[in-house]
Amino acid sequence: YEALSKIGDMFSIAAAFGNVHGVYKPGNVSLQPERLGKHQTYAKEKLGTDEEKPIYLVMHGGSGSTDEEIATAVKNGVVKMNIDTDT
């Protein structure tokens, strides 16, 4: 974050939380989107900001995610999700 924010403040980070690239049916991937909330809390403390979600997150490998997993990821700062366009 510190290195990229010197270039500009509009960038996103693809954080791993059990997501994988490829086509998967619901239940075949074990996502832990609640980890993203912990990432946000850490970044908030590290950056000394008042923003609740100081980093913009991207979810790579969203195919087959449940509605609940997606909702939790969005609640924790995901602003973009990549899915397989063939499904």
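The report below moves from the overall composition to the strands and their pairing.

This is a predicted model, in which local features need pLDDT of at least 70 and side-chain atom pairs count only at pLDDT 80 or more, while totals for chains, interfaces and linings use all residues. Residues are numbered from 1 along each chain as its sequence is written, and side-chain values use heavy atoms, with hydrogens and water left out.

The protein contains 3 helices and 3 strands, taken as DSSP runs numbered from the N terminus (helices: H or I, at least four residues; strands: E, at least two). Read from the N terminus, these elements follow the order α-β-α-β-α-β.

Of the 87 residues, 29% are buried, that is, under 20% relative accessible area with a 1.4 Å probe and protein chains only. The protein exposes about 5,900 Å², of which carbon and sulfur atoms supply 52%; the areas come from the Shrake-Rupley method with a 1.4 Å probe. Among contacts (heavy atoms within 4.5 Å) with a separation of 6 or more, 47% join residues 24 or more positions apart.

The 3 strands form an open sheet in the order β1-β2-β3, with parallel pairing; two strands pair if DSSP finds at least two bridges between them. Its edge strands, β1 and β3, each pair on one side only, and the twist averages 35° from one strand to the next, with axes fitted to C-alpha atoms and angles running from 0 to 180 degrees between N-to-C directions.

| Strand | Residues |
|---|---|
| β1 | 12-14 |
| β2 | 56-59 |
| β3 | 78-81 |

Strands β1 and β2 pair in the parallel sense over 3 bridges, and A14 stands opposite V58 in β2.

Methods:
Buried < 20%, exposed > 50% of the residue type's maximum accessible area, 1.4 Å probe, protein only.
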